[in-house]
Number of protein chains: 2
Amino acid sequence: MATEARRPGRPATLEDVARVAGVSRATASRVINGSPTVDAALRRKVEEAITATSYAPNRAARSLVTRRTDSVALVVSEREQRQLATPFIGRMFTDPHFGRVVSGLLQVLRPAGMQTVLMVADDEASRRQVLTYLRQGHVDGVVLISSDPNDPLPRMLSETALPTVLAGRPGRSAALPYVEVDQRAGAQLAAERLVAQGRRLIGTVAGPQDMPAAQERLEGFRGALAALGVTGLPWAEGDFTRAGGAAAMRRLLADHPGLDGVFVASDLMALGVVPVLLRAGRRVPEDVGVVGFDDSEAAEASEPALTTVRQPVEDMACEMARLLLRQIREPGAAPPSVVFRPTLVVRESS
Amino acid sequence: MATEARRPGRPATLEDVARVAGVSRATASRVINGSPTVDAALRRKVEEAITATSYAPNRAARSLVTRRTDSVALVVSEREQRQLATPFIGRMFTDPHFGRVVSGLLQVLRPAGMQTVLMVADDEASRRQVLTYLRQGHVDGVVLISSDPNDPLPRMLSETALPTVLAGRPGRSAALPYVEVDQRAGAQLAAERLVAQGRRLIGTVAGPQDMPAAQERLEGFRGALAALGVTGLPWAEGDFTRAGGAAAMRRLLADHPGLDGVFVASDLMALGVVPVLLRAGRRVPEDVGVVGFDDSEAAEASEPALTTVRQPVEDMACEMARLLLRQIREPGAAPPSVVFRPTLVVRESS
DNA sequence: CACCGACGAGAGAGCGCTCTCTCCGGCTCG
DNA sequence: CGAGCCGGAGAGAGCGCTCTCTCGTCGGTG
């Protein structure tokens, strides 16, 4: 304890630890990095010196030489929100889905000693800023969440050779591993449920058809219905918002008042769909069955509670983190993408 | 372009830039850091060399010498979630409120060139991990969001002398600047609204009374009612969840069936309160007026839409970021805390 | 014409760490 | 008994950057 705080106000360095322990800097470093070739007695002395000086390694110095940073970037890429009066960065942050992804990521990254840097790219300038930052080598890898199918970021990232994992398949094909749920299989679950309940006049409120995931849910649903002998699928497009879902349902109902089943491509939209049905005098599920997608918080909050296709979001996020760590640890080996199987969660609405 | 990529696969260094530009490393550094004492011609040559080599400064090296990192930590501190079967890190992430805070923070931090590192402290071990990380000097400052009034983290942080800003007043008094909304003033707005509508049998669904904010909303509401001549406030405690709000409302209604007004200490709880009232045969707002708190997404989603006390969350988060930046730029000068005025947003429920 | 101040640019010393290389001493084995 | 080997520890060279110090040059002044 004697030689602590040699320099006023500055945290202890490895040099300090070594001096206090009476060993060389190299040995102190060995102890800290868990090298096995250190005598037990010396190891103890160094460990004591570490607590005595309350030493914490300087990550900048370490990363300067190791070229690792033990941190990854979580990049949220979204369409520019020019039209908004108040600048609102990171619309996606208020989406509980995003929170579940973060939670899953941290579940894996935290035990691995990896820190997470949060970044948003929502226009040309910020994209460049993000890319520059990433290229500075301040992170070992990138998790990219992109809601925009025309997002140039995946391609740009694939050119940096930085380990990267995408949430969802990239719109334009960038050769990057991604993690996704099997959209078609999910749509099939929904179709089977509705048909099994004897419903035959089935429609769907689809998501934006420029998004691959939304396309596949629609296509998958149509295909599954056809396989079950139900053809001619009326549908309307929503924008994955509650209000958009409500509007789409109104259109659908106006054209097809006889509907007895609806597959809604997201729970959030379903939250808009159900009240429209109720107000139109339909009982749910008695008159019209509703099946959502996601199994988000909204599904349980809905009245009646939503029967929905569950995406194992947290598990998927964990898998993303694992794929990323693997890339970081074994450079060059781009791991395969992983597609998760959805499940059907039966509640009240169908 | 001739001398680019001297070392295979490695990004260009300042040395490379200097060589290409035909100047010393010092001069190249001056250009990059915007020093005014550089000849215009040389400056141009250096800038050309930078683009030619596609140079990006190594932040680790820079921060090693400057002792700045140009990044801050966003620490989310929450009560341990032992009881959960699935480990769920960062329950708070799924709260849209959190997203709004992040959005506000980034609005200020991003233009300031500050990166944001996301961290969660939810038990003793993770708290230590976070604290160690912060002490390693890997961030210049900390934004702490804590939902637990007994959280030891604020005190621990105030001992590190690291610039810090809290979201909300710390439970135990830690001498750290915070940003908050004036809870009492908000409760007063709610009281005035309900009373102005001629309601006299007013109750409240309060938040957990071990949380200062929840206490103040209750106290402030009681005080404001008294000032308006309404005494004897029936109340029940909820846990700031929808289900908790519903349960509290049921208790309240059982004991006081004649209620004609309810102040609910959060919009999320109000989302549980309203259906309870409706199912008990009360019309909202005709029979019972409901005023929420937060002006969250939930308020607009509610049916009927909630009249609520608005917290300017994004503005508050911006202010937090500003306070933090000020502390970072002027070390030693702990800025004062800032208390925001809430406003009343009138919708349908009251 | 000699001197001085100002200004622009370079040299070089670190920042704190890791990691290779070297060295030393004790052991085994021919 | 000497050569070789190996485990364990130290010396020291950087990693890429900033920043102080120094130096050279030029214009102005007595």
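**Conventions.** I am working with a predicted model, in which local features need pLDDT of at least 70 and side-chain atom pairs count only at pLDDT 80 or more, while totals for chains, interfaces and linings use all residues. Residues are numbered from 1 along each chain as its sequence is written, chains are lettered from A and ligands numbered from 1 in the order in which they are written, and side-chain values use heavy atoms, with hydrogens and water left out.

**DNA strand C, surroundings.** I listed the residues near this strand, taking a residue as near if one of its heavy atoms lies within 4 Å of the strand. There are 30 residues around DNA strand C, and the closest are Leu14(A), Tyr55(A), Arg62(A), Thr27(B) and Arg67(B). I then sorted the residues near DNA strand C by class and found 13 nonpolar, eight polar and nine charged, where Ala, Val, Leu, Ile, Met, Phe, Trp, Tyr, Cys and Pro count as nonpolar, Asp, Glu, Lys and Arg as charged, and the others, Gly among them, as polar.

**DNA strand C, atom pairs.** I looked next for polar contacts, which are pairs of N or O atoms within 3.5 Å. From chain A, the side chain of Tyr55(A) places an N or O atom 2.4 Å from a phosphate oxygen of DNA strand C, and for the side chain of Ser29(A) the corresponding distance to a phosphate oxygen is 2.8 Å. Two or more residues each are given to the surface near DNA strand C by helix 2 (25–32) and helix 4 (59–66) of chain A, and by helix 2 (25–32) and helix 4 (59–66) of chain B, helices being DSSP runs of H or I with at least four residues, numbered from the N terminus. Helix 4 of chain A provides the largest share, five residues.

**DNA strand D.** Around DNA strand D I found 30 residues, the closest being Thr27(A), Asp39(A), Arg67(A), Leu14(B) and Tyr55(B). A side-chain N or O atom of Ser24(A) lies 2.9 Å from a phosphate oxygen of DNA strand D, whereas Asn58(B) uses a backbone N or O atom, 3.1 Å from a phosphate oxygen. I also noted a contact to a base, in which a backbone N or O atom of Ala61(B) is 3.4 Å from a base nitrogen of DNA strand D. Helix 4 of chain B gives the largest share of this surface, five residues.

Terms used
Polar contact = N/O pair within 3.5 Å; in protein donor to acceptor, adjacent residues only side chain to side chain.
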